[in-house]
Amino acid sequence: MSHDVETIRAQFPGLAGTANGKPFTYLDSGATAQKPLAVIERMDRFLRNEYGTVHRGLYARSVESTQAYEQARVTVAKFINAPAEKNIVFTMGCTDAINLVAWSWGRKHLKKGDRVLITGMEHHANIVPWQIVREITGLELIACPILDDGSLDMDAFDKLLDERVKLVSVIHVANSLGTINPVKELTRKAHAIGAKVLIDAAQSAPHMRLDVQDLDCDFLVFAGHKLYGPTGIGVLYGKSNVLDDMPPWRGGGEMIEKVTIEKTTFAPAPARFEAGTPPIVEAIGLAAACQWMNTFNWEKIQAAERTLYDYAEAGLATIPGLRRIGTAANRNTILSFTMPNAHASDISSILDLEGVAIRAGHHCAQPVMQRYGVSATARVSLGIYNTQTDIDRLIAGLRKVSELFR
Ligand SMILES: *Cc1c(COP(=O)(O)O)cnc(C)c1O
């Protein structure tokens, strides 16, 4: 059976209706994805009938809530083929997960002169935490340059990767460019010199099958809300030996073994990293999103998204003067561009009048903008529910922009 996008669309109430009197055309899933009924209804049911706190209560409702929360961890572990649920730490988001690694692993294991190697195409979430922890540890933050097409400069990577590098922290699919980085190869190279590896999978998790054991990364992070799940929940995957060697970064309830006023001993991972009442409903919503994603054949999803991506690129190529930013051979789901005379925000505002939602700005990747000498780009990002009709509306809108700003 072919991948039936209309059946998928029908499961997303957020896509129905109009915007500015036009059919709502959502092309900003890279910022956040709409939610399928499977997620909305699971969270609704949990809130109505099953809600209780976790890990504390001894009454039936709390025990059941705890089971549902811990079962969500199992579902997420399976989703990325983690060896066990204890490898999964629930966080408040992708940003929060990277901050956890920086504050906990980074503060313990990085000392003055140790290097964290990132790339020139990182999201600010994988730059700023390292700069903040740099103030405390004296670590050096270095970035591997990117080539004109938006791919990673592999020669430069090889040169920068020496024994001073203790962590390679790299974006899987670049949110500002669409570049797919060869993370498995980067991981192999980093491990060869004894460095650990963190993969920022915020943009890849919704679009490709992730297998953390095959990738062999030490950490992998992503956000629930870009994976058709709720906001307020993210995931840190960590190898067991790595998580076990990390101190807590936030203190509070839930993460302890025994507390006296003099001293506290901490619970093992993952509880050690989940201080306070966790995002219970959101974890359950994320598990529902993973289960919903699992109902699809990933090859078919990817083939359909690839076809639509090619269709969108062909459409963009017909707009006079449009400059694509991010044309690496290996790219997907994200299309960034600029147009002559029209600022990215003009493009987005005019498209908005046509009901078409795209992102305009620096995409939390200002170093990428600096690399290309632009202050902002317009960005189209595709989701599982997008159709050729969505792209046709986009291209028609861009023709208007092009005429207005000739
Ligand atoms: C969105 C995004 C983040 C940050 O995710 P939050 O949900 O905002 O915490 C980090 N990295 C990449 C590549 C992203 O696209």
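Contact here means heavy atoms within 4.5 Å.

**Figure 1. The whole chain at a glance.** This is a predicted model, where local features need pLDDT of at least 70, side-chain atom pairs count only at pLDDT 80 or more, and totals for chains, interfaces and linings use all residues. Residues are numbered from 1 along each chain as its sequence is written, and side-chain values use heavy atoms, with hydrogens and water left out. The protein holds 14 helices and 17 strands (DSSP runs numbered from the N terminus: H or I of at least four residues for helices, E of at least two for strands). Its radius of gyration is 22 Å, close to the 22 Å from the globule rule for 406 residues, so the protein is as compact as a globular protein of that length. That radius is taken over C-alpha atoms, and the rule is 2.2 Å times the number of residues to the power 0.38. The C-alpha trace spans about 70 × 55 × 40 Å along the principal axes. Of the contacts between residues at least 6 apart in sequence, 71% join residues at least 24 apart.

Figure 2. Buried residues account for 58% of the 406 (buried is under 20% relative accessible area, exposed over 50%, partly exposed in between; 1.4 Å probe, protein chains only). Carbon and sulfur atoms own 53% of the accessible surface, which comes to about 16,600 Å² (Shrake-Rupley method, 1.4 Å probe; for residues, only the protein chains shown count as cover).

**Figure 3. Phe12 meets Trp292.** The protein has 11 aromatic pairs, counting rings of Phe, Tyr and Trp (its six-membered ring) with centres within 6.5 Å; planes under 30 degrees apart are stacked, over 60 edge-to-face and the rest tilted. For Phe12 and Trp292 the ring centres sit 5.4 Å apart with planes at 80°, so this pair is edge-to-face. It ties together distant bits of chain, 280 residues apart: Phe12 is in the loop between helix H1 (5-9) and strand E1 (18-19), and Trp292 is in helix H10 (residues 280-294). Phe12 is buried at 2% relative accessible area, and Trp292 is buried too, at 6%.

**Figure 4. Phe46 and Tyr51, another edge-to-face pair.** With ring centres 6.0 Å apart and planes at 85°, Phe46 and Tyr51 count as edge-to-face. Phe46 is buried, at 0% relative accessibility, whereas Tyr51 is partly exposed, at 41%.

**Figure 5. An aromatic cluster.** Back to Phe12 and Trp292: together with Tyr228, Phe296 and Tyr385 they form one aromatic cluster.
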